[in-house]
Amino acid sequence: MSESQQPRPLQHLLTDPAVLRLLLVSALVGIPVSLVAFGFVGLVHELQHWIWESAPDALGYDRAPWWWGLPTLALAGLLAVPVITRLPGAGGHVPVHGLGGAPTLPREAPGVALAALACLPLGVMLGPEAPLMALGSAVALLALPAARRTAHPQAAAVLGTAGSTAGISTIFGSPLIPAVMILESVALAGPARVVLIVPCLLASGVGALVFTGFGHWTGLEVGALELPSKPSAGLPDAGDFLWGIPMAALVALLVVAGLGLGRRSERWTGLSGPRILACAIAVGVCITGYALATDRSPEEAALSGQGTVGLLAADPGDWAVLALVALVAAKVVGWGIALGSLRGGPIFPAIMIGAAVGIACGALPGFGMAPALAAGLCAAGVAATRLPITAIVLAAALLGSEAGDLMPILVISSVTALLTVVAVDRLTGTGTEEAPETQAVAATDPSKDNGSRP
(Lines give C-alpha, C1' and ligand atoms only; values in the text may rest on other atoms or scores of the structure.)
Protein backbone atom coordinates (compact mmCIF):
# COMPACT_ATOMS: atom_id res chain seq x y z
CA MET A 1 0.00 0.00 0.00
CA SER A 2 1.45 3.37 -0.99
CA GLU A 3 1.85 6.23 1.47
CA SER A 4 -1.10 8.09 -0.05
CA GLN A 5 -3.32 5.08 0.56
CA GLN A 6 -2.44 4.68 4.26
CA PRO A 7 -5.30 5.50 6.67
CA ARG A 8 -4.70 8.91 8.19
CA PRO A 9 -4.71 9.58 11.97
CA LEU A 10 -7.88 10.88 13.59
CA GLN A 11 -6.51 14.38 14.20
CA HIS A 12 -5.65 14.76 10.52
CA LEU A 13 -9.12 13.66 9.45
CA LEU A 14 -10.91 16.06 11.79
CA THR A 15 -8.79 19.01 10.71
CA ASP A 16 -8.98 18.28 6.99
CA PRO A 17 -10.77 21.26 5.35
CA ALA A 18 -12.79 18.92 3.13
CA VAL A 19 -13.98 16.93 6.14
CA LEU A 20 -14.83 20.12 8.05
CA ARG A 21 -16.90 21.36 5.11
CA LEU A 22 -18.69 18.01 5.04
CA LEU A 23 -19.44 18.27 8.77
CA LEU A 24 -20.90 21.74 8.31
CA VAL A 25 -23.09 20.63 5.44
CA SER A 26 -24.23 17.58 7.44
CA ALA A 27 -25.26 19.77 10.37
CA LEU A 28 -27.21 22.12 8.09
CA VAL A 29 -28.83 19.20 6.28
CA GLY A 30 -30.51 18.14 9.51
CA ILE A 31 -32.81 21.18 9.32
CA PRO A 32 -34.53 20.53 5.97
CA VAL A 33 -34.57 16.77 6.63
CA SER A 34 -36.41 17.30 9.92
CA LEU A 35 -38.92 19.64 8.27
CA VAL A 36 -39.64 17.09 5.53
CA ALA A 37 -39.88 14.33 8.15
CA PHE A 38 -42.25 16.41 10.26
CA GLY A 39 -44.54 17.05 7.32
CA PHE A 40 -44.44 13.42 6.19
CA VAL A 41 -45.06 11.88 9.63
CA GLY A 42 -47.72 14.45 10.46
CA LEU A 43 -49.56 13.72 7.22
CA VAL A 44 -49.35 9.94 7.74
CA HIS A 45 -50.65 10.32 11.28
CA GLU A 46 -53.57 12.53 10.23
CA LEU A 47 -54.55 10.23 7.37
CA GLN A 48 -54.32 7.21 9.65
CA HIS A 49 -56.52 8.89 12.24
CA TRP A 50 -59.11 9.81 9.61
CA ILE A 51 -59.18 6.39 7.95
CA TRP A 52 -59.32 4.26 11.09
CA GLU A 53 -61.21 6.51 13.52
CA SER A 54 -62.99 9.49 11.96
CA ALA A 55 -64.38 7.69 8.90
CA PRO A 56 -65.89 4.75 10.86
CA ASP A 57 -67.35 7.23 13.34
CA ALA A 58 -68.92 9.23 10.50
CA LEU A 59 -70.52 6.02 9.25
CA GLY A 60 -72.06 5.32 12.66
CA TYR A 61 -69.52 2.83 14.04
CA ASP A 62 -67.94 3.29 17.46
CA ARG A 63 -64.78 1.69 16.04
CA ALA A 64 -63.59 0.32 12.72
CA PRO A 65 -65.85 -2.67 11.84
CA TRP A 66 -64.41 -6.14 11.38
CA TRP A 67 -64.40 -5.87 7.56
CA TRP A 68 -62.66 -2.48 7.46
CA GLY A 69 -59.23 -3.87 6.56
CA LEU A 70 -60.43 -5.46 3.33
CA PRO A 71 -61.33 -2.28 1.40
CA THR A 72 -58.52 -0.21 2.94
CA LEU A 73 -55.82 -2.73 2.03
CA ALA A 74 -57.27 -3.26 -1.44
CA LEU A 75 -57.13 0.50 -1.93
CA ALA A 76 -53.55 0.53 -0.62
CA GLY A 77 -52.59 -2.06 -3.22
CA LEU A 78 -54.35 -0.19 -6.04
CA LEU A 79 -52.57 3.05 -5.13
CA ALA A 80 -49.17 1.46 -4.55
CA VAL A 81 -49.00 -0.64 -7.72
CA PRO A 82 -48.50 2.21 -10.25
CA VAL A 83 -45.97 3.89 -7.96
CA ILE A 84 -43.90 0.74 -7.45
CA THR A 85 -44.05 -0.43 -11.06
CA ARG A 86 -43.69 2.86 -12.93
CA LEU A 87 -41.94 5.60 -10.94
CA PRO A 88 -38.15 5.86 -10.54
CA GLY A 89 -36.85 3.94 -7.55
CA ALA A 90 -39.84 1.53 -7.43
CA GLY A 91 -41.26 3.31 -4.39
CA GLY A 92 -38.15 2.64 -2.31
CA HIS A 93 -36.35 -0.54 -1.34
CA VAL A 94 -38.19 -3.75 -0.47
CA PRO A 95 -38.52 -3.72 3.35
CA VAL A 96 -37.47 -7.35 3.82
CA HIS A 97 -33.94 -6.18 2.96
CA GLY A 98 -33.76 -4.08 6.11
CA LEU A 99 -33.71 -0.32 6.55
CA GLY A 100 -32.10 0.74 3.32
CA GLY A 101 -29.48 0.28 0.66
CA ALA A 102 -27.65 2.80 -1.45
CA PRO A 103 -28.56 6.45 -0.77
CA THR A 104 -31.89 7.45 -2.30
CA LEU A 105 -31.49 9.92 -5.14
CA PRO A 106 -33.63 13.08 -5.20
CA ARG A 107 -35.47 11.97 -8.34
CA GLU A 108 -36.60 8.83 -6.48
CA ALA A 109 -38.03 10.73 -3.49
CA PRO A 110 -41.52 11.36 -4.96
CA GLY A 111 -41.99 7.63 -5.55
CA VAL A 112 -40.85 6.84 -2.01
CA ALA A 113 -43.24 9.37 -0.49
CA LEU A 114 -46.20 8.33 -2.63
CA ALA A 115 -45.67 4.60 -1.99
CA ALA A 116 -45.45 5.20 1.76
CA LEU A 117 -48.55 7.42 1.77
CA ALA A 118 -50.41 4.74 -0.19
CA CYS A 119 -49.40 1.95 2.19
CA LEU A 120 -48.92 3.23 5.74
CA PRO A 121 -52.18 5.09 6.57
CA LEU A 122 -54.37 2.44 4.95
CA GLY A 123 -53.15 -0.30 7.28
CA VAL A 124 -50.19 -2.06 5.64
CA MET A 125 -48.28 -3.75 8.47
CA LEU A 126 -45.12 -1.71 8.03
CA GLY A 127 -43.59 1.28 9.80
CA PRO A 128 -42.47 4.74 8.69
CA GLU A 129 -38.77 4.30 9.48
CA ALA A 130 -37.52 3.13 6.06
CA PRO A 131 -39.37 5.84 4.07
CA LEU A 132 -38.07 8.46 6.50
CA MET A 133 -34.51 7.27 5.95
CA ALA A 134 -34.96 7.31 2.18
CA LEU A 135 -36.49 10.79 2.17
CA GLY A 136 -33.76 12.05 4.49
CA SER A 137 -31.11 10.69 2.15
CA ALA A 138 -32.76 12.30 -0.90
CA VAL A 139 -33.11 15.69 0.80
CA ALA A 140 -29.50 15.59 1.97
CA LEU A 141 -28.22 14.78 -1.52
CA LEU A 142 -29.91 17.91 -2.87
CA ALA A 143 -26.99 19.73 -1.26
CA LEU A 144 -24.73 18.13 -3.89
CA PRO A 145 -25.39 18.73 -7.59
CA ALA A 146 -25.58 15.58 -9.70
CA ALA A 147 -22.18 16.25 -11.24
CA ARG A 148 -20.51 16.50 -7.83
CA ARG A 149 -22.27 13.34 -6.63
CA THR A 150 -20.76 11.52 -9.59
CA ALA A 151 -17.30 13.06 -9.16
CA HIS A 152 -17.20 12.58 -5.37
CA PRO A 153 -19.09 9.40 -4.46
CA GLN A 154 -17.53 9.39 -0.97
CA ALA A 155 -19.09 12.74 -0.09
CA ALA A 156 -22.42 11.61 -1.54
CA ALA A 157 -22.35 8.38 0.49
CA VAL A 158 -21.58 10.19 3.76
CA LEU A 159 -24.11 12.94 3.15
CA GLY A 160 -26.81 10.47 2.13
CA THR A 161 -26.22 8.37 5.25
CA ALA A 162 -26.25 11.51 7.43
CA GLY A 163 -29.60 12.46 5.93
CA SER A 164 -30.95 8.96 6.57
CA THR A 165 -29.96 9.03 10.23
CA ALA A 166 -31.43 12.50 10.62
CA GLY A 167 -34.69 11.22 9.18
CA ILE A 168 -34.96 8.15 11.37
CA SER A 169 -33.95 10.03 14.54
CA THR A 170 -37.18 11.99 14.30
CA ILE A 171 -39.45 8.96 14.62
CA PHE A 172 -37.33 7.26 17.29
CA GLY A 173 -37.46 10.48 19.29
CA SER A 174 -33.71 10.53 19.94
CA PRO A 175 -30.53 10.94 17.90
CA LEU A 176 -28.85 8.32 20.11
CA ILE A 177 -30.65 5.30 18.65
CA PRO A 178 -29.69 5.88 14.98
CA ALA A 179 -26.16 6.82 16.07
CA VAL A 180 -25.76 3.52 17.90
CA MET A 181 -27.28 1.74 14.92
CA ILE A 182 -24.67 3.26 12.61
CA LEU A 183 -21.83 2.52 15.03
CA GLU A 184 -22.84 -1.11 15.43
CA SER A 185 -23.69 -1.84 11.83
CA VAL A 186 -20.38 -0.52 10.49
CA ALA A 187 -18.37 -2.22 13.27
CA LEU A 188 -16.55 1.01 14.12
CA ALA A 189 -12.84 0.34 13.90
CA GLY A 190 -10.33 3.07 13.28
CA PRO A 191 -10.35 6.85 12.82
CA ALA A 192 -11.49 6.69 9.19
CA ARG A 193 -14.98 5.72 10.41
CA VAL A 194 -15.32 9.11 12.10
CA VAL A 195 -15.82 10.52 8.61
CA LEU A 196 -19.18 8.76 8.67
CA ILE A 197 -20.33 8.74 12.31
CA VAL A 198 -19.67 12.42 13.14
CA PRO A 199 -21.75 13.79 10.23
CA CYS A 200 -24.50 11.34 11.16
CA LEU A 201 -24.46 12.52 14.78
CA LEU A 202 -24.59 16.15 13.74
CA ALA A 203 -27.40 15.68 11.24
CA SER A 204 -29.51 13.49 13.53
CA GLY A 205 -29.02 15.78 16.53
CA VAL A 206 -30.04 18.91 14.63
CA GLY A 207 -32.90 17.04 12.94
CA ALA A 208 -34.31 15.68 16.21
CA LEU A 209 -34.09 19.13 17.80
CA VAL A 210 -35.97 20.85 14.99
CA PHE A 211 -38.51 18.03 14.72
CA THR A 212 -39.28 18.14 18.46
CA GLY A 213 -39.52 21.92 18.41
CA PHE A 214 -42.02 21.88 15.56
CA GLY A 215 -44.08 19.29 17.40
CA HIS A 216 -44.39 21.52 20.47
CA TRP A 217 -44.97 24.64 18.39
CA THR A 218 -47.73 23.25 16.18
CA GLY A 219 -49.30 20.93 18.73
CA LEU A 220 -49.55 18.19 16.09
CA GLU A 221 -49.14 14.57 17.09
CA VAL A 222 -46.38 12.94 15.04
CA GLY A 223 -46.40 9.52 16.63
CA ALA A 224 -42.81 9.06 17.83
CA LEU A 225 -42.13 5.56 19.14
CA GLU A 226 -42.82 5.66 22.87
CA LEU A 227 -44.72 3.95 25.68
CA PRO A 228 -46.78 6.57 27.55
CA SER A 229 -47.60 3.99 30.23
CA LYS A 230 -45.97 0.72 31.14
CA PRO A 231 -45.96 -1.93 33.90
CA SER A 232 -43.96 -1.06 36.98
CA ALA A 233 -40.68 -2.92 37.30
CA GLY A 234 -38.33 -4.12 39.96
CA LEU A 235 -35.10 -6.04 39.82
CA PRO A 236 -35.53 -9.27 37.79
CA ASP A 237 -35.38 -12.49 39.79
CA ALA A 238 -34.54 -16.09 38.89
CA GLY A 239 -38.04 -16.77 37.56
CA ASP A 240 -37.78 -13.87 35.14
CA PHE A 241 -34.60 -15.30 33.64
CA LEU A 242 -35.90 -18.88 33.56
CA TRP A 243 -38.94 -17.76 31.56
CA GLY A 244 -37.26 -14.86 29.74
CA ILE A 245 -34.58 -16.88 27.97
CA PRO A 246 -36.91 -19.35 26.18
CA MET A 247 -39.40 -16.52 25.53
CA ALA A 248 -36.68 -14.43 23.84
CA ALA A 249 -35.85 -17.44 21.64
CA LEU A 250 -39.54 -17.81 20.76
CA VAL A 251 -39.83 -14.14 19.80
CA ALA A 252 -36.73 -14.42 17.63
CA LEU A 253 -38.15 -17.49 15.88
CA LEU A 254 -41.44 -15.70 15.16
CA VAL A 255 -39.69 -12.64 13.73
CA VAL A 256 -37.36 -14.82 11.65
CA ALA A 257 -40.42 -16.70 10.36
CA GLY A 258 -41.94 -13.40 9.27
CA LEU A 259 -38.73 -12.39 7.52
CA GLY A 260 -38.57 -15.75 5.77
CA LEU A 261 -42.14 -15.29 4.54
CA GLY A 262 -41.11 -11.85 3.34
CA ARG A 263 -38.30 -13.27 1.22
CA ARG A 264 -40.68 -15.77 -0.35
CA SER A 265 -43.20 -13.01 -0.91
CA GLU A 266 -40.59 -10.92 -2.69
CA ARG A 267 -39.60 -13.78 -4.98
CA TRP A 268 -43.24 -14.45 -5.87
CA THR A 269 -44.29 -10.82 -6.28
CA GLY A 270 -41.40 -9.17 -8.12
CA LEU A 271 -42.72 -6.00 -9.76
CA SER A 272 -45.94 -7.62 -10.90
CA GLY A 273 -48.84 -5.24 -10.32
CA PRO A 274 -51.53 -7.92 -9.92
CA ARG A 275 -49.37 -9.87 -7.45
CA ILE A 276 -48.62 -6.73 -5.41
CA LEU A 277 -52.36 -6.10 -5.23
CA ALA A 278 -52.96 -9.73 -4.22
CA CYS A 279 -50.43 -9.36 -1.40
CA ALA A 280 -52.12 -6.19 -0.15
CA ILE A 281 -55.48 -7.96 -0.08
CA ALA A 282 -53.87 -10.90 1.76
CA VAL A 283 -52.70 -8.49 4.45
CA GLY A 284 -56.28 -7.24 4.68
CA VAL A 285 -57.47 -10.82 5.14
CA CYS A 286 -55.06 -11.22 8.08
CA ILE A 287 -56.43 -8.05 9.69
CA THR A 288 -60.01 -9.21 9.13
CA GLY A 289 -59.28 -12.68 10.50
CA TYR A 290 -57.92 -11.15 13.71
CA ALA A 291 -61.01 -8.96 14.14
CA LEU A 292 -63.39 -11.87 13.55
CA ALA A 293 -61.50 -14.24 15.86
CA THR A 294 -61.27 -11.81 18.77
CA ASP A 295 -64.20 -9.40 18.32
CA ARG A 296 -61.69 -6.59 18.76
CA SER A 297 -60.83 -3.66 16.52
CA PRO A 298 -59.02 -4.55 13.28
CA GLU A 299 -56.88 -1.45 13.83
CA GLU A 300 -54.96 -3.35 16.52
CA ALA A 301 -53.56 -5.74 13.92
CA ALA A 302 -53.22 -3.18 11.13
CA LEU A 303 -50.72 -0.36 10.63
CA SER A 304 -47.20 -0.41 12.05
CA GLY A 305 -48.25 -1.72 15.48
CA GLN A 306 -46.88 1.34 17.26
CA GLY A 307 -50.23 2.27 18.78
CA THR A 308 -50.93 -1.34 19.75
CA VAL A 309 -47.63 -1.55 21.64
CA GLY A 310 -48.78 1.39 23.74
CA LEU A 311 -52.12 -0.32 24.43
CA LEU A 312 -50.40 -3.56 25.39
CA ALA A 313 -48.01 -1.86 27.80
CA ALA A 314 -50.64 0.43 29.33
CA ASP A 315 -53.20 -2.26 30.21
CA PRO A 316 -51.87 -5.82 29.95
CA GLY A 317 -54.86 -7.18 31.87
CA ASP A 318 -57.23 -6.07 29.12
CA TRP A 319 -55.85 -8.71 26.75
CA ALA A 320 -56.89 -12.36 26.85
CA VAL A 321 -54.13 -14.80 26.00
CA LEU A 322 -56.07 -16.14 23.00
CA ALA A 323 -56.47 -12.59 21.68
CA LEU A 324 -52.72 -12.08 21.99
CA VAL A 325 -52.05 -15.35 20.18
CA ALA A 326 -54.39 -14.27 17.37
CA LEU A 327 -52.71 -10.86 17.24
CA VAL A 328 -49.23 -12.39 16.93
CA ALA A 329 -50.35 -14.86 14.28
CA ALA A 330 -52.07 -12.17 12.18
CA LYS A 331 -49.11 -9.84 12.54
CA VAL A 332 -46.43 -12.38 11.67
CA VAL A 333 -48.24 -13.53 8.53
CA GLY A 334 -49.45 -10.09 7.40
CA TRP A 335 -46.11 -8.45 8.15
CA GLY A 336 -44.25 -11.20 6.33
CA ILE A 337 -46.37 -10.77 3.21
CA ALA A 338 -46.00 -6.99 3.29
CA LEU A 339 -42.22 -7.20 3.78
CA GLY A 340 -41.68 -8.65 0.33
CA SER A 341 -44.30 -6.79 -1.66
CA LEU A 342 -45.27 -3.38 -0.27
CA ARG A 343 -43.34 -0.38 1.05
CA GLY A 344 -42.49 0.75 4.57
CA GLY A 345 -40.17 -0.10 7.42
CA PRO A 346 -39.65 -3.50 9.10
CA ILE A 347 -38.82 -2.59 12.71
CA PHE A 348 -42.01 -1.24 14.31
CA PRO A 349 -44.19 -4.30 13.51
CA ALA A 350 -41.48 -6.63 14.82
CA ILE A 351 -41.41 -4.65 18.07
CA MET A 352 -45.18 -5.13 18.37
CA ILE A 353 -44.82 -8.89 17.91
CA GLY A 354 -42.27 -8.99 20.73
CA ALA A 355 -44.48 -6.87 22.98
CA ALA A 356 -47.53 -9.09 22.38
CA VAL A 357 -45.57 -12.28 23.15
CA GLY A 358 -44.14 -10.62 26.26
CA ILE A 359 -47.55 -9.62 27.57
CA ALA A 360 -48.91 -13.11 26.85
CA CYS A 361 -46.03 -14.75 28.73
CA GLY A 362 -46.08 -12.22 31.56
CA ALA A 363 -48.97 -14.10 33.16
CA LEU A 364 -46.80 -17.21 33.65
CA PRO A 365 -46.09 -18.04 37.31
CA GLY A 366 -42.91 -16.38 38.52
CA PHE A 367 -42.61 -14.15 35.45
CA GLY A 368 -43.16 -10.42 35.96
CA MET A 369 -45.08 -8.42 33.37
CA ALA A 370 -42.40 -5.72 33.07
CA PRO A 371 -39.46 -8.16 32.57
CA ALA A 372 -41.55 -10.12 30.05
CA LEU A 373 -42.36 -6.97 28.09
CA ALA A 374 -38.70 -5.87 28.19
CA ALA A 375 -37.45 -9.25 27.00
CA GLY A 376 -40.01 -9.33 24.19
CA LEU A 377 -39.17 -5.82 22.95
CA CYS A 378 -35.44 -6.45 22.98
CA ALA A 379 -35.56 -9.91 21.38
CA ALA A 380 -37.79 -8.64 18.57
CA GLY A 381 -35.43 -5.73 17.91
CA VAL A 382 -32.45 -8.05 17.68
CA ALA A 383 -34.21 -10.49 15.37
CA ALA A 384 -35.38 -7.70 13.07
CA THR A 385 -32.06 -5.83 12.85
CA ARG A 386 -29.33 -8.32 13.85
CA LEU A 387 -27.96 -5.44 15.97
CA PRO A 388 -28.04 -6.46 19.67
CA ILE A 389 -26.73 -3.21 21.16
CA THR A 390 -29.11 -1.13 19.06
CA ALA A 391 -31.99 -3.33 20.24
CA ILE A 392 -31.00 -2.85 23.88
CA VAL A 393 -30.83 0.94 23.48
CA LEU A 394 -34.17 1.01 21.68
CA ALA A 395 -35.88 -1.13 24.31
CA ALA A 396 -34.33 0.96 27.09
CA ALA A 397 -35.61 4.14 25.44
CA LEU A 398 -39.12 2.67 25.30
CA LEU A 399 -39.02 1.52 28.92
CA GLY A 400 -37.75 4.87 30.19
CA SER A 401 -37.03 5.05 33.91
CA GLU A 402 -37.73 1.33 34.32
CA ALA A 403 -34.87 0.38 32.01
CA GLY A 404 -32.18 0.56 34.71
CA ASP A 405 -33.66 -2.24 36.81
CA LEU A 406 -34.47 -4.27 33.70
CA MET A 407 -31.06 -3.97 32.04
CA PRO A 408 -29.92 -7.52 33.00
CA ILE A 409 -32.96 -9.09 31.32
CA LEU A 410 -32.48 -6.82 28.30
CA VAL A 411 -28.90 -8.00 27.86
CA ILE A 412 -29.71 -11.69 28.34
CA SER A 413 -32.67 -11.58 25.97
CA SER A 414 -30.58 -9.73 23.39
CA VAL A 415 -27.86 -12.38 23.43
CA THR A 416 -30.43 -15.20 23.40
CA ALA A 417 -32.24 -13.74 20.40
CA LEU A 418 -28.99 -13.17 18.51
CA LEU A 419 -27.82 -16.75 19.10
CA THR A 420 -31.24 -18.02 17.99
CA VAL A 421 -31.15 -15.98 14.79
CA VAL A 422 -27.61 -17.12 13.98
CA ALA A 423 -28.55 -20.76 14.61
CA VAL A 424 -31.59 -20.50 12.33
CA ASP A 425 -29.52 -18.79 9.62
CA ARG A 426 -26.96 -21.58 9.80
CA LEU A 427 -29.58 -24.33 9.69
CA THR A 428 -31.47 -22.79 6.78
CA GLY A 429 -28.42 -21.53 4.90
CA THR A 430 -29.75 -17.99 5.03
CA GLY A 431 -26.98 -15.40 4.61
CA THR A 432 -27.17 -11.86 5.88
CA GLU A 433 -26.54 -9.05 3.45
CA GLU A 434 -23.95 -6.43 4.11
CA ALA A 435 -25.49 -3.55 6.00
CA PRO A 436 -26.06 -0.50 3.81
CA GLU A 437 -24.24 1.63 6.35
CA THR A 438 -21.20 -0.60 5.89
CA GLN A 439 -21.27 0.12 2.17
CA ALA A 440 -21.31 3.81 2.92
CA VAL A 441 -18.35 3.53 5.28
CA ALA A 442 -16.36 1.60 2.70
CA ALA A 443 -16.90 4.48 0.32
CA THR A 444 -15.55 6.93 2.88
CA ASP A 445 -12.51 4.97 3.97
CA PRO A 446 -9.39 6.85 2.82
CA SER A 447 -7.52 3.58 2.54
CA LYS A 448 -9.86 2.76 -0.38
CA ASP A 449 -9.76 6.19 -1.94
CA ASN A 450 -9.15 6.36 -5.68
CA GLY A 451 -7.51 9.73 -5.40
CA SER A 452 -10.53 12.05 -5.61
CA ARG A 453 -11.55 13.32 -2.22
CA PRO A 454 -14.67 15.32 -1.30
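In the predicted model, D295 is located in the loop that joins α11 (273–294) to α12 (306–314). With a relative accessibility of 59%, D295 counts as exposed, because the threshold for that class is over 50%. Most residues other than glycine have a negative phi. D295, although not a glycine, has a positive phi of about 60°.

L303 is also found in the loop between α11 and α12. A positive phi, of about 65°, is adopted by L303 as well, and this residue is not a glycine either. The relative accessible area of L303 is 5%, so this residue is classed as buried, the limit being under 20%.

The backbone oxygen of D295 lies 2.7 Å from a polar atom of the R63 side chain. R63 itself belongs to the loop between α2 (17–58) and α3 (69–86). Its neighbours within four places in sequence aside, R63 is in contact with P56, D295, R296 and S297. The C-alpha atoms of R63 and W52 are separated by 7.8 Å, the two residues being 11 residues apart along the chain. R63 counts as partly exposed because its relative accessibility is 37%.

A further feature concerns helix α17, which spans residues 403–428 and bends by about 35° at I409. I409 is one of the buried residues of α17, a group that also includes A403, L406, L410, S413 and D425. The cover over the buried residues of α17 includes α10 (238–269), α15 (369–385) and α16 (388–399). Just after α17, G429 takes a positive phi of about 75°.

Notes
Residues numbered from 1 in each chain as written. Predicted model: local features only at pLDDT ≥ 70, side-chain atom pairs only at ≥ 80, totals over all residues. Heavy atoms only, no water. Bend = angle between axes of the 7 residues up to and from the residue. Helix = DSSP H or I, 4+ residues; strand = E, 2+ residues; numbered from the N terminus. Buried < 20%, exposed > 50% of the residue type's maximum accessible area, 1.4 Å probe, protein only. Contact = heavy atoms within 4.5 Å. Polar contact = N/O pair within 3.5 Å; in protein donor to acceptor, adjacent residues only side chain to side chain.
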